[in-house]
Amino acid sequence: MFHVKLHGQDAMARGADEKLVSRRVKLPKRVVEKPLRQVTRRLLMALFVLCLTVLIVWLDREGYHDNANEKVDFLDCVYYATVTLSTTGYGDIVPYSDSARLVNVLLITPLRVLFLIILVGTTLEVLTERTREEWRLNRWRNNLREHTVVVGFGTKGRSALQTLLATGLPREQVVIVDPSAKVIDIANAEGFTGVVGDATRSEVLLRAELQKARQIIIATQRDDTAVLVTLTARQLNRGAKIVAAVREEENAPLLKQSGADAVITSASAAGRLLGLSVLSPSAGTVMEDLIQQGSGLDLIERPVNKSEVGRSVRETGDLVVSVLRGHRLLPYDDPHASPLQLTDRLITIVRAVPPVGPQVTLGPAE
C-alpha cells in the first residue's frame with residue numbers, strides 16, 4: 001500500500017471562501033467596459049436628463065400651476081420633473097400656459113422617452129448578456145471535442161500549456177480548471193476557457209467536458225490532490241492521455257497506479273538539471289533548450305516514415321534518441337531498435353520550426 005507524502009500548500013485548497021464559489025464555466029469574453037463603469041455612465045446620463053428637465057421647468061415656472069398653493073418653487077420643479085420622467089405625472093402640478101405646454105410637447109416628452117430608454121435599456125442589456133452567454137456556453141459544449149484539460153494554472157500548468165501552444169495547439173481547445181476565480185479570470189484574459197471549482201469533484205471535471213478530452217495535464221501543488229484528480233479523471237475518461245506532476249518521487253508509482261500515463265517529478269527533475277548544470281553548464285543549457293518547445297532544438301515524437309521501414313536507426317534523417325515499439329522504449333544503440341518497423345515511433349531531436357498557420361484564439365465574444 002502506497003503512502004502519499006505531502007509537501008507544501010496546495011493551490012487546489014487556497015481558501016474556504018474560494019471553494020464555495022459556484023463551480024461554473026467561464027468563457028473568454030470581450031469586455032468593452034467594466035460593469036460598474038457602464039452602470040455609472042447610465043446613471044449619470046439619467047441624472048443629466050433629470051437636471052435638464054428641472055432647468056427647463058424652472059425657467060418657465062410661471063407657466064405652471066400648483067393645485068396646492070398655486071406657486072411653483074424650485075422643489076416643485078424637481079418634483080414635477082421626477083414624476084413626469086418616471087410616470088405620466090399626478091396632475092397636482094400642470095402646465096397651463098401655451099409656452100409651457102409647447103415645451104412639454106417638444107422637450108419634456110422626448111426627455112421622458114430618453115429617460116425610460118436609459119433605465120429599461122440597462123435591464124434589457126443585462127438580460128441580453130445572460131442570454132448571449134448561455135448561448136455561447138451551449139455552443140461551446142456542443143463543439144468541444146478532443147481538447148486539452150489543464151488542472152491547476154500555476155507555474156507548472158502554465159509552463160506545460162506554453163509548450164503545447166508552441167506546437168500549434170489552438171487556445172480554444174484548452175480548458176483550465178482551478179478553484180480560484182482570480183486565476184480563472186487571468187486565464188480568460190489570456191484567451192482560455194476556465195472552470196472554477198475543485199477538480200477532485202467529478203461534477204467540476206464534467207463541466208470542463210473532461211469525458212471528451214484527448215489529453216489531461218494535472219499540475220496541482222499537492223501530491224495527494226494529484227492522486228485524487230487522476231483517479232477521478234481516469235474514471236470519467238478511459239482513453240485520454242493523463243500526464244501528472246508530483247513533488248516527491250516516491251509518490252510517482254501511486255500516480256501511475258491511479259491511471260496516469262506519465263508522471264513527472266518536478267522537484268527531482270529540477271534538481272537533476274541543476275546538478276547537470278554544475279557539472280557542465282553547456283549541457284544544462286542544451287537540456288533546457290530541448291524541453292523548451294519552439295526555439296533552438298526540440299525533442300519530438302513522430303511516426304516512422306515508409307521510406308525508413310527496414311533501415312537502422314542511424315540511417316534516418318533525424319537525430320534519433322529512442323525508439324518506441326509498443327510499450328517498450330528502446331535506446332538508439334539498443335540492438336533491437338533496428339531495423340525500424342512501420343508501427344514504431346521515434347523520439348528525435350530536430351531544429352525548432354514555428355507552427356504553420358495562425359493559432360485560433362477564443363478571446364472576443366462573437
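Reader: Where is Pro 339 placed?
Author: This is a predicted model. Ser 338 and Pro 339 are joined by a cis peptide bond, with omega about 0°. Most peptide bonds are trans. The residue Pro 339 sits in the loop between β12 and β13.

Reader: What is the strand order of the open sheet of four strands?
Author: The pairing in this open sheet is antiparallel. The order of its four strands is β10-β13-β11-β12.

Reader: Why is one side of β10 and of β12 left without a neighbour in the sheet?
Author: Strands of a sheet pair through backbone hydrogen bonds, either parallel or antiparallel. In the order β10-β13-β11-β12, β10 (297–303) and β12 (328–331) stand at the edges. One side of each lacks a neighbour because each has a single partner strand.

Reader: What is the average twist from one strand to the next in the sheet β10-β13-β11-β12?
Author: The sheet is open and antiparallel. From one strand to the next, its twist averages 25°.

Reader: Which residue of β13 is the bridge partner of Ile 300?
Author: β10 and β13 pair over seven bridges, in the antiparallel sense. Val 320 has Thr 348 as its bridge partner in β13. For Ile 300, the partner in β13 is Thr 348.

Reader: Which residue in β13 stands opposite Leu 324?
Author: Strand β11 covers residues 319–325, and β13 covers residues 345–351. The two run antiparallel and are joined by five bridges. Opposite Leu 324 stands Arg 345.

Reader: Which residue in β8 stands opposite Ile 218?
Author: β7 and β8 (residues 241–246) run parallel. Four bridges join them. The β8 residue opposite Ile 218 is Ala 244.

Reader: Is Glu 146 buried, partly exposed or exposed?
Author: Glu 146 is found in the loop between α4 (98–143) and β4 (148–151). Its phi is positive, near 50°, and it is not a glycine. Most residues other than glycine have a negative phi. The relative accessible area of Glu 146 is 48%, so the residue counts as partly exposed.

Reader: Is Glu 209 buried or exposed?
Author: Glu 209 also has a positive phi, about 55°, although it is not a glycine. It belongs to the loop between α7 (202–207) and β7 (215–218). Buried means under 20% relative accessible area. Glu 209 has 7% relative accessibility and therefore counts as buried.

Reader: How many disulfides are there?
Author: A disulfide needs a pair of cysteine sulfur atoms within 2.5 Å. Cys 51 is partly exposed at 44% relative accessible area, whereas Cys 77 is buried at 0%. By the 2.5 Å rule, the number of disulfides is zero.

Reader: How far apart are the end C-alpha atoms of residues 43–59?
Author: The UniProt record, an unreviewed entry, lists residues 43–59 and 105–127 under "transmembrane region". In the model, residues 43–59 are 100% helix and 0% strand. The C-alpha atoms at their ends are separated by 24 Å.

Reader: What distance separates the C-alpha atoms of Leu 107 and Thr 53?
Author: Leu 107 lies in helix α4. At 41% relative accessibility, Leu 107 is partly exposed. Along the chain, Leu 107 and Thr 53 are 54 residues apart. Their C-alpha atoms are separated by 8.3 Å.

Reader: What share of the 366 residues is buried?
Author: The protein chain has eleven helices and 13 strands. It exposes about 20900 Å², of which carbon and sulfur atoms supply 60%. Buried residues make up 39%.

Reader: Of the contacts between residues at least 6 apart in sequence, what percentage joins residues at least 24 apart?
Author: Contact here means heavy atoms within 4.5 Å. In the protein chain, the share joining residues at least 24 apart is 68%.

How values were computed: Residues are numbered from 1 along each chain as its sequence is written. This is a predicted model: local features need pLDDT of at least 70, side-chain atom pairs count only at pLDDT 80 or more; totals for chains, interfaces and linings use all residues. Side-chain values use heavy atoms; hydrogens and water are left out. Buried means under 20% relative accessible area, exposed over 50%, partly exposed in between (1.4 Å probe, protein chains only). Two strands pair if DSSP finds at least two bridges between them. Axes are lines fitted to C-alpha atoms, for helices over the stretch in contact, and angles run from 0 to 180 degrees between N-to-C directions. Accessible areas come from the Shrake-Rupley method with a 1.4 Å probe; for residues, only the protein chains shown count as cover. UniProt positions are given in the numbering used here, feature names are shortened, and annotations may be inferred rather than shown by experiment.
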